[in-house]
Amino acid sequence: MKTPEPHTQLTGEIGTDRAIIMGDPARVDTIGKLMEGVKEWAYNREYKSIVGEYKGQRILAMSTGIGAPSAGIGIEELHNVGIHYVVRVGSAGAMQKGIGLGELIVAEGAVREDGLSKRYVPEIYPAVPSYALLNLAHKYAPQAVYGIIRSHDGFYTDDNADDEAFWSKKGIVGSDMESGVLMVIGRLRGMETLSILNNVVLYQGNLSEGVNSLVSGEELVAKGEKASLLAALDILSDKSLEAGA
């Protein structure tokens, strides 16, 4: 057996080139209930992983914790063990009015306000998803909101409301903390990536109430979480990806 990756404890023995990542380790348990033949792989720090099958396709599911630094480590170690396709299934805050709780937001690109991705390449380098995966998202999640999102590093900065108002006026549809670094590292490492986000906070709504509704399993948010997980599973099990990398 090869030496496991230091943080995720993954090895090439996972036997797949496809992964779904999420911030919350608890969401790994949730997606496990939608898969067959699930095997627990590892749980080290924020990185909890399982391997299972969905529609005959072997898929890894792994948590990455909160923010770009921990997500970046996870993505690099996924690449090291042969993962080519990565779909992030996370939560987001809406940046436009009219996007309801539990609605899915699919990122067509990301404003890079995180710190880590700038250590890889200058901000002028775009953060964009895989065309193949984005095309499949339209197939499996046609009802989602599609647009550019904002990836940032924190909720509690003094000027956060001003930042959100600025980007909302520019048409940004949602915000998260990991999609930008996923897309940047993915492109640099030759991986195909996508982010499907479940809206847990209404635009100009209460952050604490929104995040707490996610924790407590509030009905609309829980429904959106399941829809996002199923969309990711459907995308990664689609026969059009069989040619692979």
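Predicted model: local features only at pLDDT ≥ 70, side-chain atom pairs only at ≥ 80, totals over all residues.
**Entry 1: α2 against α6**

I looked up the angle for this pair: helix α2 (residues 68-80) packs against helix α6 (residues 179-188) at about 30 degrees, and their axes are 9 Å apart. Angles under 35 degrees count as roughly parallel, and α2 is therefore roughly parallel to α6. Next I asked myself which residues make the contact. From α2 I listed A68, A71, G72, I75 and E76, and from α6 I listed V181, L182 and I185. Sorting the residues of this contact by class, I get 6 nonpolar, 1 polar and 1 charged.

**Entry 2: α4 against α8**

I then turned to helix α4 (residues 131-140) and helix α8 (residues 219-236), whose axes come within 9 Å and cross at roughly 125 degrees. That angle makes α4 and α8 oblique to each other. I noted this crossing as right-handed. On the α4 side I found L133, L136, A137 and Y140, which meet A231, D234 and I235 of α8. The class count for α4 with α8 is 6 nonpolar, no polar and 1 charged residues.

**Entry 3: L133**

Is L133 buried or exposed? I have L133 down as buried, because its relative accessible area is 0% and the cut-off for buried is under 20%. Leaving out neighbours within four places in sequence, I find L133 in contact with Y85, V86, V87, E192, T193, L194, I235 and L241. I also checked L133 against N199: they are 66 residues apart along the chain, and their C-alpha atoms are separated by 20 Å.

**Entry 4: A92**

My next stop was A92, which sits in strand β5 (residues 85-94). A92 has a relative accessible area of 4%, so I count A92 as buried. Beyond its neighbours within four places in sequence, A92 is in contact with I105, S175, L197, N198, N199, V200 and V201.

**Entry 5: two loop residues with positive phi**

R45 is not a glycine, yet its phi is positive, at about 55 degrees. I placed R45 in the loop between β2 (36-44) and β3 (47-54), and at 65% relative accessibility R45 counts as exposed. K55 also has a positive phi, near 50 degrees. K55 lies in the loop between β3 and β4 (57-63), and its 57% relative accessibility makes K55 exposed.

**Entry 6: the whole chain**

Last, I stepped back to the overall fold. I count 8 helices and 9 strands in the protein. How does the radius of gyration sit with that of a compact globule? For 245 residues a compact globule would be near 18 Å, and the protein has 17 Å, so the two agree. The C-alpha atoms fill a box of roughly 50 × 40 × 35 Å along the principal axes. I also noted that 54% of the 245 residues count as buried. Of the contacts with a separation of 6 or more, 77% come from residues 24 or more positions apart.

Technical notes
Residues numbered from 1 in each chain as written. Heavy atoms only, no water. Axes fitted to C-alpha atoms, helices over the stretch in contact; angles between N-to-C directions. Helix = DSSP H or I, 4+ residues; strand = E, 2+ residues; numbered from the N terminus. Parallel < 35°, antiparallel > 145°, perpendicular 65-115°, else oblique. Left-handed = near helix turned anticlockwise from the far one by under 90°. Contact = heavy atoms within 4.5 Å. Nonpolar A, V, L, I, M, F, W, Y, C, P; charged D, E, K, R; others polar. Buried < 20%, exposed > 50% of the residue type's maximum accessible area, 1.4 Å probe, protein only. Rg over C-alpha atoms; globule rule 2.2 N^0.38 Å.
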